[in-house]
Amino acid sequence: MKLIIQIPCFNEAETLGVTVADLPRHIDGVDEIEYLVIDDGSTDGTVLRAKELGVHYIVSFPYNRGLAKGFMAGIDACLRLGADIIVNTDADNQYSGADIEKLVRPVLEGRANMVIGNRKTDSIIHFSPLKKRLQRLGSKVVRKASGTDVADTTSGFRSYSREAAMRLNVLSGYTYTLETIITAGADKNRILSVDIETNPELRESRLFKSMWGYIKRSAATIIRNYVMRKPLKTFLIMASVFVIAALVLGIRFIVLACMGDGAGHIQSLVLMAILAIVGIQIGIFGLLADAVSDCRRVMDETLFHVKRIEYDNTNPNRNYNVCSYIKEEIDK
């Protein structure tokens, strides 16, 4: 059983040493533990620092491509390197390395194929009251959209079984945390939340420049992925609003006509027809979107089988199209 802990990095030379030092060297039930750093175009010597720390593998981008791209490049490399379990953690030492066993244990025991650490955001001192409220609201919305009970949906501290990792397809260029939960929920994956501890803040978050910008991007990600996974339900709900409004106007016109006052309300009849046509068109769009969604599911399943064939037969020392990686031997 091989565990690879991946650490996405962007200019993390100062904090990487603390993070790596805190990672576990042994977990019962795991035969090998290796570390992989994803260098997302760092310019502060992060790669050199990773080599000094004896990190086993380094995935390096020539320029910054964002958290989502870095995460998926790490998943790809871990699978090619034969990982049975993959743990993702942050390079700023936000998460406690001792809690990695909590993420790994449910996967080892077959109780889950995706485990997400719950930071208990209400108890994090350096989170502002506004950020805590937004975290609670955002997690509630994602739970509703995904049909899961994940307590902390924006937590990047999580583990994946090999099969779950092969099923990951992140389309967002911003972050992977929300999209992967919605997708996993739609695919009926076994997702488990475990309580974890967080370390004191070493630096401010770099994921977003402003709270409003983060809200906009997160909301767009949730809506896009929910509609992609449940298009028929979404479009039928929208269509029903127009159809119901048309029915109300139609009933009103009939009542007025029966009372002999219909001639003065022809405009209501015209509006009813317009609303009914719009509602029907939206319903038709929903049927088409549902067909596209079915095609997406078929493609995802096909891609999963292609990945399984490729990753099980790959040469871990070769370069691949998205980036290059370097294997470094630990000093004995």
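This is a predicted model: local features need pLDDT of at least 70, side-chain atom pairs count only at pLDDT 80 or more; totals for chains, interfaces and linings use all residues.
Visitor: Which residues sit on each side of β1?
Guide: K2, I4, Q6 and P8 are on one side. L3, I5, I7 and C9 are on the other. Both faces are covered.

Visitor: OK. What does β1 pair with, and how many bridges are there?
Guide: Strand β2, residues 32–40. Eight bridges join β1 and β2, and the two run parallel.

Visitor: Which residue in β2 is the bridge partner of Q6?
Guide: L36 is the partner of Q6.

Visitor: Switching to charges. How many salt bridges are in the whole structure?
Guide: A search finds 15. One of them joins R119 and D152, with the closest N and O atoms 2.6 Å apart.

Visitor: Where do R119 and D152 sit in the chain?
Guide: In distant parts of the chain, 33 residues apart. R119 is in the loop between β5 (114–118) and α5 (129–146). D152 is in the loop between α5 and β6 (158–161).

Visitor: Are those two buried or exposed?
Guide: R119 has 6% relative accessibility, so R119 counts as buried. D152 has 2%, so D152 counts as buried too.

Visitor: What about K120? Which residue does K120 pair with?
Guide: E197. The closest N and O atoms of that salt bridge are 3.1 Å apart. This pair also links distant parts of the chain, 77 residues apart. E197 is in the loop between β7 and α8 (211–229), and K120 is in the loop between β5 and α5.

Visitor: How accessible are E197 and K120?
Guide: E197 is at 45% relative accessibility and counts as partly exposed. K120 is at 30% and also counts as partly exposed.

Visitor: Which residue does E163 meet in a salt bridge?
Guide: R167, at 3.6 Å from N to O. E163 is partly exposed at 42%. R167 is partly exposed at 24%.

Visitor: Which residues are linked in a network of salt bridges?
Guide: D187, R229, R296 and D300.

Visitor: Now the surface. Which residues form the positive patch?
Guide: Four lysines: K144, K188, K230 and K233.

Visitor: Where is K188?
Guide: In the loop between α7 (177–186) and β7 (191–195). K188 counts as exposed because its relative accessibility is 73%, and the cut-off is over 50%.

Visitor: Which residues form the nonpolar patch?
Guide: V243, L247, I251, V255 and M259. Together they have about 480 Å² of accessible area.

Visitor: Pick I251. Which helix is it in?
Guide: I251 is in helix α9, residues 231–258. With a relative accessible area of 53%, I251 is exposed.

Visitor: Last one. Where is I266, and how far is I266 from F253?
Guide: I266 is in helix α10, residues 266–312. I266 and F253 are 13 residues apart in sequence. Their C-alpha atoms are 8.1 Å apart in space.

Visitor: Is I266 buried, partly exposed or exposed?
Guide: Partly exposed. The relative accessible area of I266 is 42%.

Note on methods: Residues are numbered from 1 along each chain as its sequence is written. Side-chain values use heavy atoms; hydrogens and water are left out. Patches are made of residues with over 30% relative accessible area and no salt bridge: like charges are joined within 9 Å, nonpolar side chains (Val, Leu, Ile, Met, Phe, Trp, Tyr) within 5 Å. Accessible areas come from the Shrake-Rupley method with a 1.4 Å probe; for residues, only the protein chains shown count as cover. A salt bridge is a side-chain nitrogen of Lys or Arg within 4 Å of a carboxyl oxygen of Asp or Glu. Lys and Arg count as positive and Asp and Glu as negative; His and the chain ends are not counted. The place of a charge is taken as NZ of Lys, CZ of Arg, CG of Asp or CD of Glu. Helices (H or I, at least four residues) and strands (E, at least two) are DSSP runs, numbered from the N terminus. Buried means under 20% relative accessible area, exposed over 50%, partly exposed in between (1.4 Å probe, protein chains only). Two strands pair if DSSP finds at least two bridges between them.
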